[in-house]
There are 6 protein chains.
Amino acid sequence: MAIIKDPETGIRNMSIHRQQIQGPDQTGFLICPRHALRIYQKYQQRNEPMPVAMVIGAHPAIYYASGFTSSYGLDELEIAGSLLDDPVRLVKCETIDIEVPAEAEMVIEGEVLPEGMVEEGPFGEATGTYAMEGSTEIFKVKAITHRKNPMFYAMQCGAPMTDTQSITGTCIETVVTDHLKNVEGGLDLLDVRCLGISGLMAIVLKLRPRVEGQAKTALMAALSSPYLHPKIAIAVDDDIDASDLRQIFWSMTTRVHGSRDIVKVPNTRIWSLDNVSDIVPGMSAMYRIGTKVIIDATKPAVTQETERERFTPAMPFGYDHVDLEAFLP
Amino acid sequence: MAIIKDPETGIRNMSIHRQQIQGPDQTGFLICPRHALRIYQKYQQRNEPMPVAMVIGAHPAIYYASGFTSSYGLDELEIAGSLLDDPVRLVKCETIDIEVPAEAEMVIEGEVLPEGMVEEGPFGEATGTYAMEGSTEIFKVKAITHRKNPMFYAMQCGAPMTDTQSITGTCIETVVTDHLKNVEGGLDLLDVRCLGISGLMAIVLKLRPRVEGQAKTALMAALSSPYLHPKIAIAVDDDIDASDLRQIFWSMTTRVHGSRDIVKVPNTRIWSLDNVSDIVPGMSAMYRIGTKVIIDATKPAVTQETERERFTPAMPFGYDHVDLEAFLP
Amino acid sequence: MAIIKDPETGIRNMSIHRQQIQGPDQTGFLICPRHALRIYQKYQQRNEPMPVAMVIGAHPAIYYASGFTSSYGLDELEIAGSLLDDPVRLVKCETIDIEVPAEAEMVIEGEVLPEGMVEEGPFGEATGTYAMEGSTEIFKVKAITHRKNPMFYAMQCGAPMTDTQSITGTCIETVVTDHLKNVEGGLDLLDVRCLGISGLMAIVLKLRPRVEGQAKTALMAALSSPYLHPKIAIAVDDDIDASDLRQIFWSMTTRVHGSRDIVKVPNTRIWSLDNVSDIVPGMSAMYRIGTKVIIDATKPAVTQETERERFTPAMPFGYDHVDLEAFLP
Amino acid sequence: MAIIKDPETGIRNMSIHRQQIQGPDQTGFLICPRHALRIYQKYQQRNEPMPVAMVIGAHPAIYYASGFTSSYGLDELEIAGSLLDDPVRLVKCETIDIEVPAEAEMVIEGEVLPEGMVEEGPFGEATGTYAMEGSTEIFKVKAITHRKNPMFYAMQCGAPMTDTQSITGTCIETVVTDHLKNVEGGLDLLDVRCLGISGLMAIVLKLRPRVEGQAKTALMAALSSPYLHPKIAIAVDDDIDASDLRQIFWSMTTRVHGSRDIVKVPNTRIWSLDNVSDIVPGMSAMYRIGTKVIIDATKPAVTQETERERFTPAMPFGYDHVDLEAFLP
Amino acid sequence: MAIIKDPETGIRNMSIHRQQIQGPDQTGFLICPRHALRIYQKYQQRNEPMPVAMVIGAHPAIYYASGFTSSYGLDELEIAGSLLDDPVRLVKCETIDIEVPAEAEMVIEGEVLPEGMVEEGPFGEATGTYAMEGSTEIFKVKAITHRKNPMFYAMQCGAPMTDTQSITGTCIETVVTDHLKNVEGGLDLLDVRCLGISGLMAIVLKLRPRVEGQAKTALMAALSSPYLHPKIAIAVDDDIDASDLRQIFWSMTTRVHGSRDIVKVPNTRIWSLDNVSDIVPGMSAMYRIGTKVIIDATKPAVTQETERERFTPAMPFGYDHVDLEAFLP
Amino acid sequence: MAIIKDPETGIRNMSIHRQQIQGPDQTGFLICPRHALRIYQKYQQRNEPMPVAMVIGAHPAIYYASGFTSSYGLDELEIAGSLLDDPVRLVKCETIDIEVPAEAEMVIEGEVLPEGMVEEGPFGEATGTYAMEGSTEIFKVKAITHRKNPMFYAMQCGAPMTDTQSITGTCIETVVTDHLKNVEGGLDLLDVRCLGISGLMAIVLKLRPRVEGQAKTALMAALSSPYLHPKIAIAVDDDIDASDLRQIFWSMTTRVHGSRDIVKVPNTRIWSLDNVSDIVPGMSAMYRIGTKVIIDATKPAVTQETERERFTPAMPFGYDHVDLEAFLP
């Protein structure tokens with residue numbers, strides 16, 4: 001987790017970045033086109049290095065907070081504080097003007113140079129595949145501080161499920177739920193799941209459609225939220241467990257009409273790490289364009305009662321109360 | 001403007017409804033499938049009439065507030081109060097337990113029966129066309145109160161622009177702007193316009209795309225907001241006035257590639273009053289399903305500088321500072 | 001399982017039919033438009049009842065054989081025999097000229113009338129939903145024979161997984177594998193799975209594409225085999241377990257480009273029991289038309305080595321040989 | 001305006017070309033792939049320079065005539081004559097064998113070399129954007145003649161509306177009206193407008209559809225006329241002013257069903273100056289291919305009376321005859 | 001062939017109509033929605049019968065002229081005259097005020113009643129299939145005149161090729177050629193064939209594309225001409241005989257890329273007799289809506305020389321000048 | 001015809017290859033990506049030359065057998081034997097360990113080198129166009145043996161129809177018929193024609209659809225068979241001669257609804273020689289990807305009797321038994 005500060009406002013930003021060791025006091029420092037990049041570009045305009053405190057090992061609430069994409073200018077450490085119901089205790093770094101969590105296991109203090117790139121990679125990523133190798137900014141280490149007998153927390157990142165899917169997935173679920181709150185004046189939204197196993201690229205909405213076509217509006221919203229990651233959104237109905245792939249899959253075959261319920265939205269921006277989407281001509285692999293897909297696997301709306309019943313699971317008679325053991329010798 | 005109360009929570013809801021006079025003490029009362037319908041259905045379950053205070057003539061802020069679609073359970077009179085920077089002064093009705101703005105010109109007190117429908121219509125509507133005739137709930141008048149020498153404010157509704165487009169359009173612009181705030185972690189969103197002339201069904205986003213494909217994500221969000229009305233969303237770039245149809249149209253011809261920049265999302269829910277969209281089979285004309293359309297008329301993203309320049313307007317030399325009068329005799 | 005005979009050739013046909021009890025000696029007898037219907041229509045043309053022996057409880061190989069769709073005129077009891085490596089021992093029925101497995105637990109002898117229909121249903125079906133109620137042919141019971149102390153084998157049929165999905169699914173996998181054998185002169189086909197959880201409507205091909213576009217040809221073949229059931233076909237690559245929904249799903253998000261890899265083939269015949277597909281106008285619910293969907297979730301072909309590597313799962317270092325217990329206290 | 005002659009037939013061609021000054025006696029001379037190019041290629045085959053008389057300042061009828069695209073071999077000066085109801089008075093040039101209007105303010109006599117290209121541009125164009133810089137043929141000046149105290153008429157060309165849109169737009173309207181005359185045996189065609197504000201790329205047909213689907217046929221014809229410019233064609237109905245963007249836009253939202261009324265025709269030839277369309281691989285920016293778009297914003301046909309009425313504008317009661325002043329103090 | 005007159009202008013219209021005998025002095029008289037219907041509707045508004053002279057047996061030029069669809073108000077007998085290079089000699093009818101060709105074999109004089117319909121059909125039609133039975137207007141015979149020993153010319157109409165395909169097909173070819181004359185400022189159009197074998201619904205353009213995408217523009221024009229009949233338009237290149245189905249078919253397989261060269265234009269008006277197209281809801285079978293199809297089977301444009309050569313037919317060496325007989329014994 | 005042997009199993013493979021003479025003892029030897037390539041790659045892995053016997057002039061049954069694509073590992077000479085009802089008599093080559101037909105006119109013995117490529121081409125091909133020039137493997141001649149007074153059989157290959165279309169076309173028809181045998185449990189398949197005139201790329205199925213949508217399933221199967229060649233599949237009904245282009249074309253216009261009956265399956269593998277399909281990026285012209293097209297020109301299914309009748313050809317009365325000569329003088 002990197003903590004940096006907007007050089008104009010002094011407001012902190014905290015996000016997760018990968019670092020490949022390139023020498024005794026140097027690593028790479030990849031910056032995807034999100035908030036951190038905006039801050040870095042401000043330092044570049046001043047031709048100054050950007051001070052960075054890399055925090056290794058902290059309270060899980062801090063890790064979750066770092067995964068949030070909220071409005072630009074909101075301090076993720078405040079989010080962590082509200083998750084903890086107590087402000088995060090902070091201490092100043094020794095060589096740079098950045099505050100870090102007091103209980104962190106280890107902190108690498110340093111700065112990202114305003115110029116120069118190094119080759120790096122490939123890296124396993126939250127998609128579960130490798131990010132393309134490429135050039136990245138340069139991080140110079142100024143100091144390393146740590147607790148006594150620090151525990152090195154190696155964040156796993158790669159084929160799902162690893163730490164990165166679960167942390168970011170939870171953040172996406174929270175933010176998308178909020179983004180969907182008032183869609184069409186309020187949905188009967190019952191659950192939102194960003195499937196880690198999909199490399200964070202599929203999101204499942206569980207909702208009871210109040211009128212025909214409503215699920216599709218909700219799916220459009222789920223693919224246009226603060227998060228870039230989801231490119232496939234699937235809606236399931238109120239009788240489906242949105243975290244159970246078996247039930248999702250059953251919905252996708254028995255409740256989806258291929259022509260009416262699968263919609264493609266081409267030429268939209270896609271998350272940098274989705275290797276199957278096209279790189280924008282002339283740009284690095286961080287910039288991709290592709291197709292988002294909506295799959296409406298809900299039943300007919302509650303206004304269409306008879307039609308809706310056709311899609312009820314045909315469960316065995318007595319499934320709920322029969323005690324199988326009574327039948328065994 | 002009708003003020004009603006949730007019979008369970010007592011929270012007020014304020015919205016605009018049309019009433020056709022059907023007798024000395026009776027009018028129709030059309031309820032579209034939104035918040036007011038939820039409340040009415042609660043009264044129906046109790047088999048009780050729903051008390052309604054129809055307010056005619058009030059401070060414009062109250063009219064604007066009545067046009068908002070926010071979370072279910074938010075009192076629109078509080079919104080009006082915050083617009084006015086002062087709570088709306090209220091008085092009790094005389095025959096029903098509802099509060100109304102103290103300065104209202106006129107108030108029709110009554111109740112909507114839990115059963116029975118009457119034929120009614122056609123009505124001119126905010127689309128600019130006529131809503132289909134159909135059956136509507138029954139409103140029974142219990143009392144009419146008014147100021148001395150009241151001024152009857154006849155809200156115009158019909159071919160744009162009339163009062164309904166400007167009130168609701170402004171509300172849509174506000175809510176959609178808020179809904180778009182953090183899309184993709186924050187857009188360079190410069191303006192949002194819900195064109196009244198489109199019968200509230202087109203919305204224009206002015207934004208500067210930071211990366212390729214970003215405008216399409218924003219357009220998806222604009223068509224999946226709290227408001228049902230927009231079915232066409234158009235994105236224009238930073239050099240275009242989003243309220244000027246001429247510039248919008250010029251963008252749509254010079255900056256749109258038909259295959260890549262026009263995307264259709266079929267089978268979504270559509271606003272009840274869009275006569276060109278299909279009625280859900282077996283339902284009234286209040287329930288419609290149709291196709292939403294995204295038109296990305298922005299220039300290439302700011303990352304593609306050379307490509308972006310190709311689309312600069314070729315303004316006459318000296319356009320900004322030449323004084324035409326100097327050339328006239 | 002019903003055993004009948006072609007009245008012209010005397011060749012047996014064995015298939016599974018549902019029967020709802022409608023009186024002491026009468027049940028319904030639903031005939032989908034497949035081989036059994038052809039035979040029944042021959043009896044109808046002669047205006048004769050069709051003798052039927054319903055077999056309840058038999059060797060599993062016989063159940064599997066009854067699930068096969070092969071050439072018209074192939075005796076499914078011969079297939080059972082070849083599965084058993086020994087001809088099925090048969091005995092004559094007592095009231096009709098049909099042979100049945102000698103070890104069957106119970107046999108209901110009877111005949112389907114050439115005329116007359118009764119209302120029946122709804123029934124839970126192999127899709128996991130209910131088949132629509134409708135009219136069905138009439139079965140008249142002539143005799144019931146059984147072993148001493150017979151065990152009544154109640155075939156479960158309904159929300160997956162039940163007996164019907166596993167029996168038919170296995171048959172589909174076998175037949176489709178054979179159907180794909182020589183496609184494009186031979187594929188590197190590694191596994192075929194008809195997912196029971198999909199209600200038999202999705203089939204997964206595991207294959208290593210030798211050249212670009214080959215997986216799509218294979219998927220077309222998988223949706224045009226002797227079996228009607230699959231309407232969705234998904235291809236996964238050689239590193240994926242085709243029976244593991246998690247890996248399938250991961251492939252569908254990380255290896256599928258929505259515009260290029262999802263193809264819809266509309267207006268094709270669809271299995272009678274897929275409630276989401278349209279009923280042919282003027283026909284019973286047995287006749288449906290809908291859209292088949294191809295999803296190519298393979299990696300780039302083996303000829304594109306560099307591109308192919310981009311999609312390798314990024315497994316944790318040492319995943320294969322690390323012993324987790326060595327790290328635990 | 002350049003006047004040239006077919007070297008085989010001697011027939012004149014008049015068209016508008018841009019010239020960038022490149023030296024005391026040299027300019028560029030861009031030739032789009034139309035009639036003038038055919039003539040120039042004939043001179044090239046003879047390896048001769050093409051004599052050209054550039055006319056600056058003439059009767060507006062002559063400017064309009066130069067904008068016409070008619071059959072190859074029709075002298076645009078004859079068109080001007082018929083517009084004027086009198087033949088255009090002509091005089092011989094002094095250094096080349098070309099006739100020019102006698103009242104022209106100024107004439108630049110010269111020739112375009114059969115070989116050699118120069119770099120040039122960018123230029124503001126009739127689209128309202130800049131044409132790409134590129135190479136162009138070379139024009140050598142031989143003489144400049146002019147009236148006494150000539151007035152230099154600088155034809156404005158750039159962001160609409162300038163002279164080029166109004167001149168060419170009028171020509172397009174005339175020719176397309178003629179092209180549509182007998183479509184389907186004759187349409188109820190009421191107006192044709194080539195909107196200058198669209199950079200000449202959108203054309204609006206006002207027509208009353210006699211039968212369903214007729215407007216789409218008319219729109220196909222409007223995009224396959226003698227003129228290349230229009231790539232978007234919009235049909236509006238008999239109650240709409242085809243020159244009023246507000247009414248066009250209202251039609252596009254209230255009378256268009258996205259799935260049924262917007263049709264894309266991809267991979268057609270597109271006007272050279274439409275920067276958003278793709279350049280043909282291996283060719284200059286003069287050769288483009290793209291997508292034409294049809295938008296049918298008419299009401300249901302006159303045969304569907306009831307349906308048609310649904311789309312009538314809901315104008316305020318008494319709109320036509322109320323005198324607003326009577327209501328003002 | 002029926003000759004009628006516009007009751008307002010007195011201008012003649014001549015067109016081919018089918019008549020089923022329904023009694024000694026009565027036949028049906030089907031009027032498709034074209035010019036004749038406009039005239040009949042004028043009589044209906046006056047509540048007068050429409051006088052009609054049915055001409056049976058005349059000079060072929062008159063038959064061809066009757067097949068032309070030109071501007072409303074052009075007398076087809078004048079067209080016949082110009083085909084014959086001599087005005088058609090006319091004589092007055094005996095009971096109605098209509099002129100008929102003097103050399104006609106037989107003339108049935110009568111009138112179509114302004115009211116009343118009779119059931120009729122089915123009829124074989126120019127499509128080669130049967131027109132749906134339906135109701136038709138009533139023709140009352142007033143007199144039959146004829147030459148001495150007249151020859152009854154029974155116009156064949158049905159599965160192609162019969163008289164109706166060849167007459168109308170030739171007219172379509174002529175009119176479409178004219179309609180295409182100036183498309184894109186003039187095409188290299190080499191032949192136009194309306195294939196009778198297609199039931200007049202396919203038209204083939206032979207042209208040499210001067211620039212990429214030009215054939216598609218031409219095909220759009222061919223499907224939006226004065227004639228309704230063609231719904232499929234195919235472009236072939238300069239080395240193909242446009243009347244030879246074998247060469248057309250070879251072009252369609254070797255020169256067509258399914259995704260790029262086949263374009264569908266749905267929801268357009270379609271010829272009344274195309275049974276596969278949908279009837280407009282609420283209308284008779286005379287009103288249909290369907291999909292037009294463009295197939296561009298030309299080679300790459302002449303500007304792409306290398307690419308164009310790839311599609312040259314690989315004819316056997318010496319194909320043009322070898323004398324096969326020299327090789328035979 | 002080249003006969004080679006799998007170096008591991010010793011099983012023969014026989015296929016047709018083109019050879020361009022490049023020197024006294026050298027020719028090219030093009031290997032498309034099919035069975036022969038698999039065998040050659042095995043020799044390459046051993047770094048050994050592949051012995052090849054080129055047979056020129058043999059019994060037609062042997063030529064037909066060489067055109068079959070069956071399971072890998074099936075000896076085409078055995079197929080020839082079963083066609084002849086007698087094993088093909090074989091003799092050993094003189095310089096290599098390969099058997100060849102004893103009655104062959106001529107045999108070129110040689111080997112294909114494991115390394116090295118030469119430039120070659122262009123060649124006329126079975127498509128009727130030229131294959132792109134390119135690099136090909138090298139064949140070294142070791143010996144030429146022949147009968148006394150051998151007849152050189154020059155296999156014609158080029159614009160259809162030549163030998164290659166008729167030989168391969170017949171093989172395709174046989175194999176596809178077999179592949180379709182049990183589709184949907186058995187079709188009413190009446191004929192299969194691979195049209196030589198289409199360059200082997202179109203296949204026509206004649207079938208009587210038992211239920212709606214069945215023809216489309218059959219067409220999918222026809223485009224996913226052991227043969228790569230067909231990319232267009234057309235279904236015609238039971239009253240059409242599948243080898244008569246006129247009747248096929250008539251079906252395509254009168255029985256095809258463009259939107260419902262033409263389906264495109266993009267991004268599938270396409271036959272190497274289809275010049276209009278795209279070359280896989282980075283690969284030789286042997287590897288192509290493109291769009292397969294399904295055209296369902298059958299009538300409505302036999303279950304829709306009334307609808308089906310609408311499409312009956314309207315043949316002239318008495319067409320079957322009238323003797324035209326009886327009417328001639």
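Student: How much area do chain B and chain D bury between them?
Tutor: This is a predicted model, in which local features need pLDDT of at least 70, side-chain atom pairs count only at pLDDT 80 or more, and totals for chains, interfaces and linings use all residues; side-chain values use heavy atoms, with hydrogens and water left out. Residues are numbered from 1 along each chain as its sequence is written, while chains are lettered from A and ligands numbered from 1 in the order in which they are written. Buried area is the accessible area (1.4 Å probe) that two parts lose on being put together, summed over both. Carbon and sulfur atoms carry 63% of the area between chain B and chain D, and the total is about 4400 Å².

Student: Which three residues supply more than any other three of the area that chain B buries against chain D?
Tutor: Contact (heavy atoms within 4.5 Å) joins 53 residues of chain B to 53 residues of chain D. Of the area that chain B buries there, 16% is supplied by Phe249(B), Arg310(B) and Ala314(B).

Student: What is the N to O distance in the salt bridge of Asp278(B) and Arg260(D)?
Tutor: A salt bridge is a side-chain nitrogen of Lys or Arg within 4 Å of a carboxyl oxygen of Asp or Glu. The count between chain B and chain D is two. In the one formed by the side chains of Asp278(B) and Arg260(D), the N to O distance is 3.1 Å.

Student: Which element gives the most residues to the side of chain B that touches chain D?
Tutor: Polar contacts (pairs of N or O atoms within 3.5 Å; within protein, one must be able to donate a hydrogen and the other to accept it, and residues adjacent in sequence count only if both atoms are side-chain atoms) link 22 residue pairs between chain B and chain D, both residues at pLDDT 80 or more. Elements here are DSSP runs numbered from the N terminus, helices being H or I of at least four residues and strands E of at least two. At least two residues each come from β15 (232–236), α6 (245–254), α7 (258–261), β16 (262–270) and β18 (288–297) of chain B. With seven residues, the element that gives the most is α6(B).

Student: How far apart are the closest N and O atoms of Asp278(A) and Arg260(C)?
Tutor: Between chain A and chain C, 53 residues from chain A and 53 residues from chain C make the contact. The buried area is about 4400 Å², with 63% from carbon and sulfur atoms, and the salt bridge count is two. Where Asp278(A) forms a salt bridge with Arg260(C), the closest N and O atoms are apart by 3.1 Å.

Student: How far apart are the nearest C-alpha atoms of chain C and chain E?
Tutor: Chain A does not touch chain E, the nearest C-alpha atoms being 16 Å apart. Chain C and chain E do not touch either, and their nearest C-alpha atoms are separated by 12 Å.

Student: Why does the span of helix α1 of chain B agree with its number of residues, and how far apart are its end C-alpha atoms?
Tutor: The expected span of a helix is 1.5 Å times one less than its number of residues. The 12 residues of α1 (35–46) of chain B should therefore span 16 Å, which agrees with end C-alpha atoms that lie apart by 18 Å.

Student: Is Asn47(E) buried or exposed, and what is its relative accessible area?
Tutor: Asn47(E) is found in the loop between α1 (35–46) and β5 (50–56) of chain E, and has a positive phi of about 55 degrees although it is not a glycine. Most residues other than glycine have a negative phi. Buried means under 20% relative accessible area, exposed over 50%, and partly exposed in between (1.4 Å probe, protein chains only). Asn47(E) is exposed, with a value of 52%.

Student: What is omega for the peptide bond from Pro160(B) to Met161(B)?
Tutor: Met161(B) lies in the loop between β12 and α4 (163–180) of chain B. The bond from Pro160(B) to Met161(B) is cis, with omega near 0 degrees.
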